[in-house]
Structures are given as structure tokens and as C-alpha cells.
Amino acid sequence: MAEAPFGLLAELTHRCPLQCGYCSNPLELVRRDAELSTEDWRRVFDQARALGCLQIHLSGGEPLLRPDLPELVAHANSLGCYVNLVTSGVGLSRDRLRELASLGVDHVQLSLQDATKEGNDRIAGIKAFDRKVEAAAHVLDEGLPLTVNTVLHRQNLDNIAGIIAMAEQMGAERLELANTQYYGWALRNRAVLLPTRAQLAIADPIVAAAQERLRGRMEIVYVIADYHEAHPKPCMYGWGARQLTVAPNGDVLPCPAATVISSLTIENVRDSSLHEIWHDSPSFNAFRGFEWMQDPCRSCPRKEIDFGGCRCQAFQLTGDAAATDPVCSLSPERSTVDLILETEMAPAEVPAMAMRKMR
Amino acid sequence: MTTAVALDAVPRIRRGVKCAYDQIREAHVVLFPEGVLVLNETAASVVALCDGVRSVGDIAVVLADEYDGVEPEDVAELVARMVERRVVDVDG
């Protein structure tokens, strides 16, 4: 039997006031009328806790757009889970946050799109910067720990020092600097987002120096730009290993992007329990462990480190979800990634960013 | 690399970190933004005593009442690992 998961990523809604073109949500966003009800989510949390989840990440879209968020926070807290609110900060007034904190939010993860108001609001597609700064102040006033989360790409990577300074100014305990992973809207906008080698060569040492300078004050987690690397990321620390995602419509996913693998039959919480889905479903068992692997992964000692990389990326770029992640220098398909880098890092004509919107 | 923790250092559980008992895994756990730590019995006893008042040496004395062969250096090493995982802060 598979080991119990530690975390549930609850994507309460895909609705979001921001329109970031790097969003990893699918292009086909779940509409409001297809979202799970309050009762459904309460049952999902009960089942997640019984299955072993100790952390519930309330995310989206923007979770503050769910009017039942206070009730869901209280319920997650009553189960003894660590409650993490993942938010754009838009709509997080002092009163709103005070209520959510009193009901059991343990930690707030606040997105920041860029170092400056101008850059932030251009990437977000709306005027959000001032409200983020206010939201960060409310989190601090409430005594909750704050993580600032910035997705990095060609449009903001040159401002990395300013982003770090902004997170310090906001009073963050942690800063996640995550290079864009190309799924959903980010894949759609890859030619606008892929950073150049020169940008990364400048940014990497700035991050390393800041990690050293801020040690003990603000932890900086740096997620690498995997297309530029020789080895793939240890995606999800293995398929169906530590965490599961429930999408706004109740789809249960081994990773947030898994809907892209069209060969996978996705289960739904309206039809089965999380216990059945985690342990017995074909989708969760498809890439568990090492048996599904082909060479070069199968005979590679690094399989214990990177688990063959990302299944969604393998499917998107090679058409075979069980292939070695083509980011890997040992993959026979690595040339696909190199070609993408060559043509999209500095395209002759840069396309316009497709802003994330519900259709 | 973990930084050494002195015997007179006073460890305290960090803000935003929750200690709990997980009935599913039948183990003490520490919950924090980055994840979950499943503790063994010894580690759970040490973490429970990281109250911002007792020093590492004091914690070793308390534990010596309960367990045989508790060395203050072992407690210091365990606290250092908890500091590294950002579960515990130390003063002094």
C-alpha cells in the first residue's frame, strides 16, 4: 500500500482577480457553477485527514473569492491540520484576515509579481501592488508567518534584487523564488516567459548572495529554471507520493498539472473517496515507484533523486507520459528542449502575453 | 551543515510552527510552512521542552529523569537539527 500523503492542495476556485500569464492553472478554467459546494469541501477535508494529510493548502485561483472560506478554514483547523492560505492579497482586508486568523489560518503565502508597482501590475493585469503591500502588513500585524512567492521569468528576472528587497520590506520569513514551470497558461506564454541564459547567469549569484546575507532572517527557496538544467526536477518527490490536489470541480490530481496527460482517467470526489483514489485508482498508481520507467531512467542511479522528472512535461514534450523528462541530458528527446530554448529564449518577434481569463 | 548549539542556549519553537500528535501515523509531528516532520519519541520529548525558558542543559536534566543515558551534547545536536529545519529558534 502506498504511504499516506502529507498535504492536500485544495484549489477552491479558479476565479482570480489577477490575470498572470504564467499561471499554471489549465487553459480551460473551471467555471463557478462547476465548483464543489461547501459540504463537498468539508467531506474532502475529512477524507484527506483520515488518509493522513496534515497540511491543507487553500489555494486557487484566489481562495478569498469563496464566501465559505471562513467555514472551510475553521473546518480544516478543527481536524488538526496546518492551514496555509495561498493568496494574491487582493481582498485580504484587515478584518478579513483577522477573522481567518482567529478561525485557524496558520500561515499566509502571498504572491508578488515584480519588484515595483509598475512591473507587478503589468504582469498581474490589474492594480494589485498596493493591496499586496497592505495585505503583507495585515499578516504581520496579526502575528502570522508570511511567505512571499514570486514566479520568475524573462519579464521580471532582471529585477531579482528588487524582488528580494521588497520581500524583506514586507517582513516575509520566507521567500519562494520559483522559475516558471511550463504548464497551462505558462506553456501557452512560454515564448514570452523563457528566461535567457544571460539573465539566469546574473540572477543565480544574486540569489545565492542574498541567501547567505539573510540566513536566519529570511529563508530564500530558489526553484531552478529546469529547461536550462542538465537534470530534471524531482517533481512532486514522486508521483502519488506526498501530496494530492483537488481541483475546483472535485477532480483529484496526483499533481496540479496532471489534467494535461490526456491518457489519464481522472477520478472525482463526487464519485469516489480520497482513500480509494489515493490507494487504488489507475491514475495515482500509473507512475508510482520505479516499475513504470523506461531507459534511460530505469537503469539510472539518479532515479532515486529525481524520480524521472515530471510526467506532465514528458507527456507535453514527447507525447509519452512514461518517457524520461526531456529536460534530462540523458533523454533521447533532449534536443526538443534545446530547440525550444533556441527558438523561444529570444524569439525574432515576441508575441503578446495571453492574459489568464475565463472564457 | 548544521551550526553547533551551546548548552546554555535557550531554544523556542518558532512562530507559525505547530506541534501535534497524528493518530493516523501514531507519531508526534511538527507542522510548519515548509512541510511536516514526523518525530521519534526522543525528538518529540526534546521539542516539547523547547519553551523559550529552559536551556539545552536544563532540557537534558529533565530528560535524564525519564530516560537513561541522556547526554547534553546529544540534546544540543538534536536542537541544532531542529534549528536547521526552522522548527526551533535559539537565544543566547
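# Close-up views of a predicted model

**View 1. Cysteines without a disulfide.** Over all chains, the count of disulfides comes to zero, where a disulfide is a pair of cysteine sulfur atoms within 2.5 Å. Take A:Cys235, which is in no disulfide: its nearest cysteine sulfur belongs to A:Cys310 and is 3.8 Å away. A:Cys235 is buried, at a relative accessible area of 17%. (Buried means under 20% relative accessible area, exposed means over 50%, and partly exposed is in between, with a 1.4 Å probe and protein chains only.) For A:Cys312, the closest cysteine sulfur is in A:Cys255, 3.4 Å away and too far for a bond. A:Cys312 is buried as well, with a relative accessible area of 1%.

A quick word on reading these views: this is a predicted model, so local features need pLDDT of at least 70 and side-chain atom pairs count only at pLDDT 80 or more, while totals for chains, interfaces and linings use all residues. Residues are numbered from 1 along each chain as its sequence is written, chains are lettered from A and ligands numbered from 1 in the order in which they are written, and side-chain values use heavy atoms, leaving out hydrogens and water.

**View 2. Helix H3 of chain A and its buried face.** H3(A) covers residues 94-103, and A:Leu97, A:Leu100 and A:Ala101 are buried in it. Looking down the helix axis, the buried residues fall within an arc of 100°, so they line one face of the helix; the arc is taken from the directions from the helix axis to the C-beta atoms. Helices (H or I, at least four residues) and strands (E, at least two) are DSSP runs, numbered from the N terminus. Over on the other side of H3(A), A:Asp95 and A:Ser102 are exposed. What covers the buried residues includes helix H2 (69-78), strand E3 (82-87), strand E4 (107-111) and helix H5 (129-141) of chain A. Just after H3(A) comes A:Gly104, with a positive phi of about 130°.

View 3. As for the terms, rings of Phe, Tyr and Trp (its six-membered ring) pair if their centres lie within 6.5 Å; planes under 30 degrees apart count as stacked, over 60 as edge-to-face and the rest as tilted.

View 4. A:Arg190 is in helix H8 (residues 190-193) of chain A. Is A:Arg190 buried or exposed? At 11% relative accessibility, A:Arg190 counts as buried. Leaving aside neighbours within four places in sequence, A:Arg190 is in contact with A:Tyr182 and A:Tyr227, and its other partners include A:Arg154 and A:Glu344. Contact here means heavy atoms within 4.5 Å.

View 5. A:Trp239, A:Phe287 and A:Trp292 form one aromatic cluster. Within it, A:Phe287 and A:Trp292 make an edge-to-face pair, 5.4 Å centre to centre and 80° between the planes. A:Phe287 and A:Trp292 are both buried. Which ring does the charged end of A:Arg288 sit over? That ring is A:Trp278's, with the charged end 4.8 Å from its centre. In another such arrangement, the charged end of A:Arg242 sits over the ring of A:Tyr237, 4.2 Å from its centre. A charge sits over a ring if NZ of Lys or CZ of Arg is within 6 Å of the ring centre and within 35 degrees of the ring normal.

View 6. The peptide bond from A:Gly60 to A:Gly61 is cis, with omega near 10°; A:Gly61 is in the loop between strand E2 (55-59) and H2 of chain A. The bond from A:Asp295 to A:Pro296 is cis too, with omega near 10°. A:Phe307 has a positive phi of about 55° although it is not a glycine, and A:Phe307 is partly exposed, with a relative accessible area of 23%. Over in chain B, B:Glu26 has a positive phi near 50° and is exposed, at 62% relative accessible area.
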